Structure formats: structure tokens, C-alpha cells
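Trainee: Hi, could you walk me through how the two chains in this model sit together?
Mentor: Happy to, let's have it on screen.

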2 protein chains.
Amino acid sequence: MKSGAELGHEGSRQREHISLAEAIEILCGEVFPHLRRRVVKTPCRSAQGRVLAEDVLARRNVPHYQASAVDGYALSAARTKGASVSAPVEIDDTSCLWVNTGNPVPEEFDSVLMVEDASLLPNGSLRVYKSLSLGANVRPVGEDVMRGQIIGKRGERVTPMSAALFLAAGVLDLPLSEPPVVTMIPTGDEIETPEKMEDVPVPGRVAETNSTMVAGFLREWGVSCTICPIVADDRVRLEEAVLDAVKRSDIVLVGAGTAKGERDHAEAALASLGKILFKGLRMKPGRPAIFGMVQDTPILCLPGFPMSSAVVVWSILYPLIRWFLFGLSPEGDLLREALRAVSEPMKLLMPHSSPQGIAEWLRVKGVELDGTRYAVPLPSGSSVMWAMAEADGFTLLHPEQFELPKGISVSVLLTKDISWKTRILFQGSNDPALEHILPLLRDRGGDMVIRSVGSLGGLAALRRGEGHVGACHLLDPETGEYNTPFIQRLQEGVWKRVLIYWRMQGILVPRSNPKGIFSVEDFSRETVRIANRQPGAGTRVLLDALLKERGVSPENVQGYGVVCTTHLDAASRVASGSADAALGIKAAADAFGLDFLPLAEEPYELIIPGKYLSHPGIEILLACLQNSEWKHRVELLGGYRWPA
Amino acid sequence: MKSGAELGHEGSRQREHISLAEAIEILCGEVFPHLRRRVVKTPCRSAQGRVLAEDVLARRNVPHYQASAVDGYALSAARTKGASVSAPVEIDDTSCLWVNTGNPVPEEFDSVLMVEDASLLPNGSLRVYKSLSLGANVRPVGEDVMRGQIIGKRGERVTPMSAALFLAAGVLDLPLSEPPVVTMIPTGDEIETPEKMEDVPVPGRVAETNSTMVAGFLREWGVSCTICPIVADDRVRLEEAVLDAVKRSDIVLVGAGTAKGERDHAEAALASLGKILFKGLRMKPGRPAIFGMVQDTPILCLPGFPMSSAVVVWSILYPLIRWFLFGLSPEGDLLREALRAVSEPMKLLMPHSSPQGIAEWLRVKGVELDGTRYAVPLPSGSSVMWAMAEADGFTLLHPEQFELPKGISVSVLLTKDISWKTRILFQGSNDPALEHILPLLRDRGGDMVIRSVGSLGGLAALRRGEGHVGACHLLDPETGEYNTPFIQRLQEGVWKRVLIYWRMQGILVPRSNPKGIFSVEDFSRETVRIANRQPGAGTRVLLDALLKERGVSPENVQGYGVVCTTHLDAASRVASGSADAALGIKAAADAFGLDFLPLAEEPYELIIPGKYLSHPGIEILLACLQNSEWKHRVELLGGYRWPA
């Protein structure tokens, strides 16, 4: 039989791109045995949320004396024998004593008569209307807690209630698990502390935000994290930083920059200082994790992309932390624990293709449609921070799940509370003004998930029953009519139309229009690159109609295939110079300080299937459309006109 | 129409013993309009868990420059036209640039070719094997977040992920709801700061633990609480303390002592300083709450008993706190929010009688029996701190629910994680040694809920399918045989019997046996009061058999009706002098330093229905019975003998 160390050494070559389960096995077999847990005596009052390292035994009885449970007269039950309302018994004032609730019952008495079962006579003696059994209305010593009783079990967290119980039982200090000392070393030439970033940062410079996120997760687990100054992409400096951190830490995290490539020194540093236990996880995102030990201290190298970093923290760092806190091997639903989430089964609202053999993380929003709870996947990609922050929860798809049909059940780790009954799903045309209504909805207990799938995409989604509300601005080139022909063709049952406003559509070009673009005909010039919208977007429908009208073939338009899903996205590309022109609304041009050449004023209509008109979330939405705060915000965006 | 103030004044007489819903209505109508929320700018890094008071808008695009999404060569997509593995295209070194992931893509280029789709030639030029579309592998400016985009909505809590997002988008300070300033004034002549209590406290003296608990709940909600020194039961001092607290607080809590009666000054003080809005809630426990306003500051007087105090905090204080944090009217499942609980439907394992017209709180443990989740109510009574701390969750029974049959579904607010698959329910004979096995079970991922219902009660429960394991020591007086006759009569299917140990039963008397009690015959003396056990307890069965054998009628035994549910309870009563003798095991006598007169050595057997033998929790229990740590603990208790 081989020792763990031998196996570790021998196995290290094969330990690339391992599964999460294999990684956990390595933790159990080769890491935990080298670690030490510490117990620290801590005043009960500062122990909330911390973990008991040992059982807590009561140091005194609660109550520690025979106490009255009521307001009344302490006396001997034998003296009340036979007493009743019709045949009261009299007791002289030396044989009873007034007691309040909680007062001690003197030894010479054994029971307490409630005040309403007696009357005090002028001579001071008591008229008793009730016969008592021995011990009536007396809380015996130790009724609540007996001295020596186990009142806290090791591995339990201290709650407000248990803290009060411990204090009542005379336990002032608690034996707690000392949280591990965690140090994080951010690395990378391109990253910079956010507070030190310029207002308009140099291209290539990235704010170092992973350490804030990781420290935040650790804090949720009751562990604090020291964040080191950023270390440049230099192997010697990294090794120095790791060795220094190892001296004063139980766990060291090395945070990669978002850039990788030729500058990745973590692996080399780790191999030279200690040993690598595994490298690469069969997980997406989260693949580029490296784990090793230096002088019996676990070193976890985190990927640079935020979502990658987060999932490695949840799946590898948490089991380590948990071992230090609870001394428990990784069992049960660790990810749920790590995320402090509620596990909720939901159905996928749309099909999803996942790479085979690799566990994939989805970020999802939850919506309830006709009583069924659906998970709506948010944009994936390890670098999308907005989607991470916006997600209601996360799903880890099994490596063997690769073609997930619509409607399949997935288990979502919900990290946020959802107002299921008032939240609605919007699928339709993108409009920046719509986002501004969300805070108002939320103030009123409502909520809306917005999917910008284009005007046609929205109508199709409504037809499939996949949304509470859509929105469109669709020009029918043949009739020149907006929306009606499309709605008539697609509607199921009755769809309510609500004209919110007219929006000015036009051509977005850089300020002063350097390339002299004045119509869509100019899009076919060799030197002009446009940014387009996705198929089905009303704006693309408009572009296609205009191109056709002018006899321009899309094939001759450079950038026709560059797809943006929002007006602001398209405007941003023009602003940053990656496109020379795009179709979009005036609000988007204004937001980016672009020049705007008006083309058409389009009606932007909300579409609501009749059955959802009485949905509480739709009612809140319709009310908010009349809200003056929102209307004011919309007017500031520019290019909107309210219907008469 | 009357003003709120007038209504308040007029209605104040009727506002006694109101429902929770009425109390919330009063908060909305007469309290919230007088309060002020404050917004405080706080560095993003210290904002975790806090609540956004305003929407957060991105101050810059993320990424703020055109960035490479891969490691490779930045170039112009047009230059790769037609390239493939079989027909590569060559590009000179001035027309491309090596970029790492995250590096800026210079303006003159529009796409990035992945490193694996090219090879570098000796002359420095690039051989390209793939034709790129415009913008390939380039993250456009603002791909993740657009400047001006709403990236945090008012009312949301700051998470580790949103904090990172805000920093990335250039938002260093956040507009947060300032938590209300809460001050608690504990009152009562009989209460004392726990740290100041003597090791053996004076009878009548009670540790002031409610403020610790209340401050703990507030802390869970992100609110800190100043605890004032204890104020004696003196109206003038209380008024001074309240006025002082009002000056520097948004909310003032007055904590009653556990004693009430003639010394209750809170109501008078409140009426004289301001006005009382309601007094008394139709809730059990929690009835004696008083709520008022002094100089536009809400004053909540909490009941003295811990559970009473807790439920008033959850149901009245939390909506107030929530208003300060979120500015939201009380809607939705506030109690679930207050308890930070998961709502879980469970069936009641036993019938429960609840007072009609009053909402009752139950403290419950959860167990799963054959796939169904059951709630097992713990001892009620507002003063039982152990049950509060031990509970997995809480249920608020509707005022109209009064006779709840077994099996009825209740909604439990679960505050703890339960290992449903490995937790077992023990119903049977009480034994202090059994409690000591719990930490071992938990170390191994198991858990056990112990209900001491007596030997017979346990067998009956197993027969009804209401437990995974029981335990008994039942003497059949006719045959002199233990357990077998009872098991044969009651068992359903096959029950496995596991003899754990022999226990010495005897008579417990105070040290030196002052009343000279030597056999159960002495129990019939006029001067002797015993403490008995509940019907069905093996120890009571033994007592009855012995009394019968000696010809003593229970009617002649004082205290025969005094029921204790555990050996330690009975021993405690003898130790405290409220009983002169009791039957019990030697371990209980030893625990309280009592004299012990042996009567019989009894077999203590675990009983396990056959179908549960393979239950993971039972397997863990059976393994732990062999554990030397536990065996050692049992031996220290005294009076146990292991079977041969």
C-alpha cells in the first residue's frame, strides 16, 4: 500500500482537468490530514454565528431556584385541600406569602395559588377558592436546563437564542472553532486597486475586484481575509509573496489577473515552493484552478475571470473553510451551503447546449408562468460580472448533461428572494427606458425580468407562452404599417396592445460624422463598417427594409453580421470606433454623445396576453407606466414622444 | 374624516389584545409617516449585506476599452478573408500584434485570431489558417456594463458579487440605507447582567439575557443595538431612561424583567411621556407587548419571558427595521424574512390543542419518516429557553386553528439545516446517557431527536410508526420478566432489540437521608412527598409494582401525581427540597449528589423496527454505541453495567 504522499507525487502528472469529485477526494486524502484546527475561548456575547468546537454544558440550573410561575400566593398545597368557590378555605397570613411571577417560592411552601383564586380578607388572612395539587404553579429547579446538561453541541453555530441560553446557564465563554487565517495575493501587471484607478483609465488597465468578491464570500462564512498588495507578473516576487503569506496563514489564495498567456507564473512558483496536487477542473467556468501545498499550507490559485474565480471559491475553498470550522469531511450539499442558498427545482425556459464531460455553471433568473417555476439562463461567459450580480441563483449542470431540452428540470441554488407572484417576464424589443421602470416596480412590490430578444422574438415567445409581456416596433415594409400585421399573424387568444411612446429611430455616427454618412446607402461603402442588431429585432427589420428600398445588398455592408442585442451596445461600438455607424434610437445616441440622423418615428407598443391582464405584476407595471418619476426619466433620455 | 392622531387617541382604549395584522396596520398608518429614513454614502468595500437606498449607475464601461477575449494576434478581419488550413494566408508582422487575453486591441485592428489558428514564420510574418468575421474574439467596450446602466437597484442588498461589479464600474461609494439606531433598556429589580452574577446566585436573581438575544436578531438584520444598564422597577428612573434614549435613537426597546405583577411601570411611563398605540397582542406567547410613540420615536415594550420577547421582536420590531432599511410597507412573508428562514410544509406528528382566537407559536424539530416530513412540537411555555435554542424552526398557528389533528400540514419557518436523510426520531424511556451520544452522531453526519415519552409511550409510538427507534425497561410484575411481554404485545412486524446496558434503579433521597426513607413503604408516610414519573415510564411501572407488592395504595403517597419526564428532573426536585424522595437511576442521584438506595438492575434495550435497520441514521447510531468516547462518558455517569 502506498502512502498519500507517494500517491500524490506519482499521480500529479495525471491530475489535470479533474472532476470536482476528484478534487474533493484529494482534499480529504491529502490535505485535511496535514491541517490543524484551533479552539479559542470567546465571550458568549461576541460569538454569534461562530461555530462551537466543543459541547457546551450548563454550569447552573435554570431556574436555579424554585420559582413562581404566576402572580399569587405561595402556600402549602395541603392547606388548600377541599377548597372551592362554594366552600372556600381560610389561611392565616403567616401561612402564605405574596409572590410575583419569577419570585422564589420559599422552602416552607410548595405551591402557588393564582391571585384570581383567592381574596384577601381585612384581617390579612386569605380566602382560598381552589384546591391545589402539590407543586402547582411552581417552576422546579432546573425545569428549563439542568446543570451539566448539554446545551450546545459541537459543530452548531451560535444563534441569538443559544447565546441567551448559554448566558442564562452561567456559561460566559464558549469554545469556538477559530476561523482559518486566509490571505489573498492578487497578481497581474494589468490589474489595479479600484480606488487607485483613474477616472478615465488607460486601455488595458483592469480594476482588481476579485479580492473584494472573494473576501465577501469568506465574510459570509465567518472568515476574514487579508488582501495583499497586487504582485506583478514576476515569478520571483510571487514566490516571495507566497512564502511570506504561508508563514502567517492557514490558507493562501493566489488571484490571477484576467490576462493569462505567457505571463502565468503561479504554476511554476507553486511547483518550485511545494507541490501541485491538481491543476485544471472539468468545470465551465472555473477550469484554470491550480491547487497545491507549500509547507503544509493549502495554496489555491484562482482563475482571473470573476465567475471562474467565484465557482472555484464555492467548490474548492468552501470545503477547506468548512473543515477548519466544523472538522467535517465534505458531505451533503456543499455548494448549497457555500452559497447559503435554497435549493429550488425549476424548469429551463429555453433549451441549452452544454459541453459534454464538463460540469457547467448557469446563472439564472427565476420566473413563474402559470404556476410553473422557470429558470431563465443569463448570458454566460466567465467575464460577465453583471450577470453574476444580477442572477437570482446558480445551477451546476452535471457533466453528462449536454443537450438540455426546454422544460427539463434543473436544481437551482437560489441566493435571492424572488417575489414569485408579482414578478413578470418581459421578452421583446430592447429599450433603455424600460430599465428605468424596474426600481419603481420594486418599490411597489413588483419585479420584471427583461430579455431583449427583439420585437419578433418577443411576439414568438408570447405565442409559446413564455412571457407575461412583450414589446415591439415592427414595420411591415409591404403595407408600411407598424406592428398590427405581425400581431395578427402571431397572436394566440387576445393580446392587449399598449402604446407607450413613439421613439425616434435613426443613424448613429461619431460626433461630426467624420465619414460623412447620411443614409443607409452609405453603409455599402468600402470604408464603412456598421454594427447591426440581431435577427428579429425591430431595428434590423427597419434596416433591411431601408436597404431593400435603396437597392443595397446586405452582402455589401461590412459589419452586417456584427450582432448587438441592445441599442446601447450598438451605440457603444460606434462611440469606441469599432463601428462607423449603426441604426438605433436617439436615446442611445445621446447616451454616448453621438451624432444622430433621424429616419423614422416608430410606435413602441407593449403586448400583453389577455390572461395576464389581471396578473398582479402586470397591474403594477401598467400603473408604473403612468408614474411621473419614470416619465421624467424617459424624457431626459431623449427621442421619446408620449402618445396624444 | 379624522386625522391619524385623532383616530389613535380615540381608538387607544379599544386597542388592547389586538391581532398581529391590526398591529401592522397601526405601524403603517400611524408610525411610518412619522419616521425618517437616512441615506449614507459608504465605501463599497464596507457595504456587504447593507441595503442600497438609491439606484446605482455605472460610472464607466466594462470593459472600458476594446479587449481581446483570447490569447492571439490582433489584426484586421479583412486580411484573413478566405484563409483556411488548406489555403493559409500570410500577413506581415506590421499588420498584426500579439495580445494576451484582456489586452487592448489597438484601434487599427478589429479582430483577434486565436493563437492555435496561426503559426509564426521565421521572417516574423504570420501564417493564418482561419478566416475571421469582423469583431471576432474582441470584447467590445461596455460588453459587460454600459456607462449609465443601472447596476444596482434601490432596496437590494449588496452581495460579494455586486460589490465587485460596482468597483469594476468605477463606483467606489454607495448610497446605503442607514440602519436605524436602536437602544434597549432592560428593566427589573430581579435581573442582573450575566457577567455580574455570582457563581451560585441568590434565589430570585435572574440573568438578563433578553438583550443579548434581541441584539443578536438585530445584528442578523444588519442593525446594531445599544444596551443600556439595567433600570430598576421605578417609574421615574424608567421615564428618565426612555427620554434619554429617545434623544439618540430611532427605536427604543424596553425590556421587562421576567417578573410582572405590581411592579409594571412601562405602561404608565409610556402613557405619561407620549402615547400608547396598542397594548397586548392576541398571540401566545408574546401577549404582553406594549407599543407607543414618544416624540415621534417608536417605543416597543417587550415581554420578559424569552420566547415572548423573541416573537414580539420578529413580528413587531422587524417590520419597523425593514421600513428603515427598505422603505417598504409590510408585505409578503415578513416572519420568514425576520427569521431568515426557509418555509417548509410539514405534518404535525402529534395532535395539538391551541387556544382559539389567539395565534400560537410552536417550536418544532423536524424529522422525516418514510419520506414524509413531520414537525415535532417541543415543550411550549414562554420561559423555556432550551426549547427555543434547540428548535429547528417555528410555526405560527392561525388564531382560528385550535384543534389540530395529527398529520395536519403546517408551514414551518426553518432556521436550521436538517440532515433529513440521517436524522432519526427516538421515542422512549428517558436516559441521560443517551444525550451524550448526540455529539458523536453529529460528528458522523447523523442526528437524533430525543423524545422522552417513557418506555411504554415509546413502544406505542413505534407501533404507530412514529419513530425510528425506541427504548424500554419495562417490568412485567406478573412474570418478573423485563420488556419481552410488552414488545410481544405491541410489535408490528419484526422489532430488533439491542441491549445497551443494565441500569441500577433505586430510591433517590437527599444526602444523609434526613427522613429515613428505606423502601417504597416509607412513601406513604404523612411527612414524605415524592416526585413521580409520567404514566408509561418504566420507572413508574416499577414503582407501581413495588407499591402493590408492599400493599401501599398510590392514594396514600403524597406527590404521586407530581409528574417528571426525566430522571434528572426527579432528582433535581429531591435535591432542591421540593420532594423528599423519588425513584430513579443511580446516574441521576450522582449528578445531584443524592443518596441512592438500590432497588433493581434493569435491562435498557433499544427497539428498532426492522424496516429502519438499514436507515443511515440508525446505522450511525448503532456504530456510535460501540464508541469508546461515549462508553467512557457513560461510565462516568455511574450505575451502568455493560452486557457481557
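**Symmetry and interface**

Mentor: Chain A is superposed on chain B by a rotation of 180° with 0.0 Å of shift along its axis, at RMSD 0.1 Å (least squares on the C-alpha atoms of residues with pLDDT of at least 70 in both). The two copies are thus related as by a two-fold rotation axis.

Trainee: Which C-alpha of chain A is nearest the axis?
Mentor: That of Val342(A), 3.8 Å from the axis.

Trainee: What should I know about the model itself?
Mentor: This is a predicted model, where local features need pLDDT of at least 70, side-chain atom pairs count only at pLDDT 80 or more, and totals for chains, interfaces and linings use all residues. Residues are numbered from 1 along each chain as its sequence is written, chains are lettered from A and ligands numbered from 1 in the order in which they are written, and side-chain values use heavy atoms, with hydrogens and water left out.

Trainee: How many residues does the contact take from each chain?
Mentor: Chain A gives 105 residues and chain B gives 104 residues, with contact meaning heavy atoms within 4.5 Å. Of the interface residues of chain A, 99% are also interface residues in chain B, so the copies meet through the same surface.

Trainee: And how many salt bridges cross over?
Mentor: The rule finds 16 across the interface of chain A and chain B (a side-chain nitrogen of Lys or Arg within 4 Å of a carboxyl oxygen of Asp or Glu). One of them joins Arg442(A) to Glu156(B), at 3.8 Å, N to O.
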